[in-house]
Amino acid sequence: MLTAFLLFFPVAAALLLHFAKGNAARVMALGAALVEFAVAVFAAVTAASNMTPGNSEAAYSTFVVNIPWIASAGINFHIGMDGLSLLLVLLTTFLVPLIILASFRHDYPNASAFYALILFMQTGLIGVFVSLDAFLFYFFWEVALIPIYFLAGVWGSERRIAVTFKFFLYTIIGSLFMLAAFVYLYFQTGANGAVRSSDIAAFYNLTLTASQQAWVFWLIFIAFAVKMPIFPFHTWQPDTYTESPVPATMLLSGIMLKMGIYGTLRWLLPIVPLGTSQWGKLVMILAVIGIIYGAIIAIRQRDMKRLIAYSSLSHVGLMAAGVFSLTFMGLQGAVIQMLAHGVNVVGMFFIGDIIQRRTGTRQIAELGGLTKHTPLLSVCFLVLLLGTVALPLTNGFVGEFLLLAGVYQYNMWLGAVAGVTIILAAVYLLRMFQRVMLGPETSFTSTIQDLTGSELAVLVPLIVLVFWIGLFPNTFLRISEPAVLQILTLVGKR
C-alpha cells in the first residue's frame, strides 16, 4: 500500500490546494511534498530491512499492487517497486519539495493552480516509475506531460506559447509511436489462443522475430529519445528550458528527462533485445554526437540558463551511451548519474535564478565580481559546478567514471570521444564561474546580497547529496544492482 500512497497522495493534496490562496497554497504544497518524501524514505528503509542476500524480490514484494483494471482485456492496475524504481521515486520525492521551496521568492499569479500542477506532475512521474502494466505506464507517461505543458505555457516567458507547443508536439507524437508498439505487443501476447495481457512480464516473455523487434525498437525508442532527449530529437529542449519558469525547468531537467532513461532500461532493452543488438550501435553513435554537440554549443552560450540547458543535453547523451553499452558498469553508471544529474542540474538552475533575481540579468558578459560580497553563494555555486564537472569525491565523478568505463568496454574509440565531455564541461562551466563570480567588478558587485535562509535550505541538501553520492556511492549502487543484473539477464548480456 505504500506504493499506492506515494502515487495518489500528491493528487489528493493538489485537489485540496484549490481551497488555499497565496502563501497558504505554497506552504500546503511544501508540507504535502515533505510528507511524500518521508513516506518514500520509509519505503526505502523497509526494503533495506527486508533485504536478504540473493533474494531482493522478497524485499520489494510488499510494494506490489495488482488488481484488475479492464479485466476483460487483461489490463491490470499493476504497480510496484524494485531497486531501480525506488531510487527514482526517492529522487522525485527529494527534489519536489526543494523545487517548491525554491519558488517561494517568486510571486506566481494563481498560486494554488501553480503548485497543484507541480503535485499533479509528481503523481505522473511516480506513476511512470512504478507502473508494471504497459497501458498504465503509457497513461502516466501522458499524465506527466499535461501539468508541465500548463506550467510552461501559462507562467513562462514571452515566447512560451510557441516553445511550449513545439515541446508538446514533439512529446505527443513520440508517445503515439510508443502506444502503437504497446498495442502491437499486446495483441502478440494473445497468439496461439493465449489470453491477452499488457503486463510487463507478458511482454518480457514474448518471442518476437528479429525483424519484428527491429521496428518495435524504433517505435518505443523514439518516445524515449524525445523525452531524454537524444540528438537529433533534442531541438525542443533548449528553448523549453529557457522559456519555462524556473520550477518547471527544474522538473523537466531534474526528473522528467529521467523518464526516458528509465523507460529504456525497464521497457525497451528487455522487450526487444534483438532490436537493441541490431540498432544499438547507431544509438551509441547518436548519443556520442549529442555529448560533443551539446558541450560545443554550451561553450558558445552567453545566457546562463541556456548554457546549463545545453550542458544537460551533453550529460544525457553520456547516460544514453552507458545504457546502450549493455555493460554492468554502463547501466550502473546510468542509474547513479540519473541521481547525480538530478541533484546538480536543479542546483545549477537555482543558482542561475538567484543571480538573475538579484541582478536582473542572466547574460554572462554583464556579470562579474559577485563573489566579493557573496561567499555563501560562491561556495554553493562552486560545489554544484564541480559535481557537474565530475571532480573526484563528488557525485558526478562516480557516474561518469562508470559510464565512460562501460562505453570504453563497448568500443574503445567511442569511449575516447565520449571522454572529451569532461574536458569540455570544465571549459564552459569553469569559464562561466570565472566570469560571473571572479571577473571584473560590475555595478552589481557592491549591491548584491548573499544567500538567505530559505535559499540555503534548498542548496544545503543538494550539496549534502553531492558529497554523499561521491563518497558513499554503494549506498545507492547496492540498491540498483539486482535490478540491473535482471535487465542484463533479460537482454542476454550477463
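Is Arg26 buried or exposed, and what is its relative accessible area? In this predicted model, Arg26 is buried, at a relative accessible area of 14%.

**Salt bridges**

The whole structure holds seven salt bridges. In one of them, the side chain of Arg26 meets that of Asp107, at 4.0 Å from N to O. This pair links distant parts of the chain, since Arg26 belongs to helix H2 (residues 23-50) and Asp107 to the loop between H4 and helix H5 (111-130), 81 residues apart. While Arg26 is buried, Asp107 counts as exposed, with 71% relative accessibility.

Another salt bridge joins the side chains of Arg306 and Asp239, at 2.9 Å from N to O. Arg306 lies in helix H14 (residues 304-324) and Asp239 in helix H10 (residues 237-243), so this bridge ties together parts that are 67 residues apart in sequence. Arg306 is partly exposed at 22% relative accessible area, and Asp239 is buried at 16%.

Asp353 and Arg357 form a salt bridge whose closest N and O atoms are 3.2 Å apart. Both residues are in helix H15, and because they are four residues apart, about one helical turn separates them. Asp353 is buried, with a relative accessible area of 4%, whereas Arg357 is partly exposed at 27%. The two also belong to a network of salt bridges that links Asp353, Arg357, Arg358 and Glu455.

| Pair | N to O distance | Relative accessible area |
|---|---|---|
| Asp107 and Arg26 | 4.0 Å | Asp107 71%; Arg26 14% |
| Arg306 and Asp239 | 2.9 Å | Arg306 22%; Asp239 16% |
| Asp353 and Arg357 | 3.2 Å | Asp353 4%; Arg357 27% |

**Helix H19**

Glu455, a member of the salt-bridge network, is one of the buried residues of helix H19.

With 36% relative accessibility, Phe467 counts as partly exposed. Together with Leu393, Val460, Val464, Trp468, Leu471 and Phe472, Phe467 makes a nonpolar surface patch of about 660 Å².

**Aromatic pairs**

How many aromatic pairs does a search of the whole structure find? The search gives 34. Among them is a tilted pair of Phe167 and Trp236, with 4.9 Å centre to centre and 45° between the planes. Phe167 is in helix H7 (residues 160-188) and Trp236 in the loop between helix H9 (210-227) and H10, so that distant parts of the chain, 69 residues apart, are linked. Phe167 is buried at 1% relative accessible area, and Trp236 counts as buried at 2%.

Trp218 and Phe221 form an edge-to-face pair, 5.5 Å centre to centre with 85° between the planes. Both lie in helix H9, three residues apart, about one turn of the helix. Phe221 is buried, its relative accessible area being 0%.

Ring pairs also link Phe137, Trp141, Phe182, Phe203, Phe224 and Trp267 into a cluster.

Conventions: Residues numbered from 1 in each chain as written. Predicted model: local features only at pLDDT ≥ 70, side-chain atom pairs only at ≥ 80, totals over all residues. Heavy atoms only, no water. Buried < 20%, exposed > 50% of the residue type's maximum accessible area, 1.4 Å probe, protein only. Helix = DSSP H or I, 4+ residues; strand = E, 2+ residues; numbered from the N terminus. Patch = residues over 30% accessible without salt bridge, like charges linked within 9 Å, V, L, I, M, F, W, Y side chains within 5 Å. Areas by Shrake-Rupley, 256 points an atom, 1.4 Å probe, with all protein chains shown as cover. Phe/Tyr/Trp six-rings, centres within 6.5 Å; stacked < 30°, edge-to-face > 60°.
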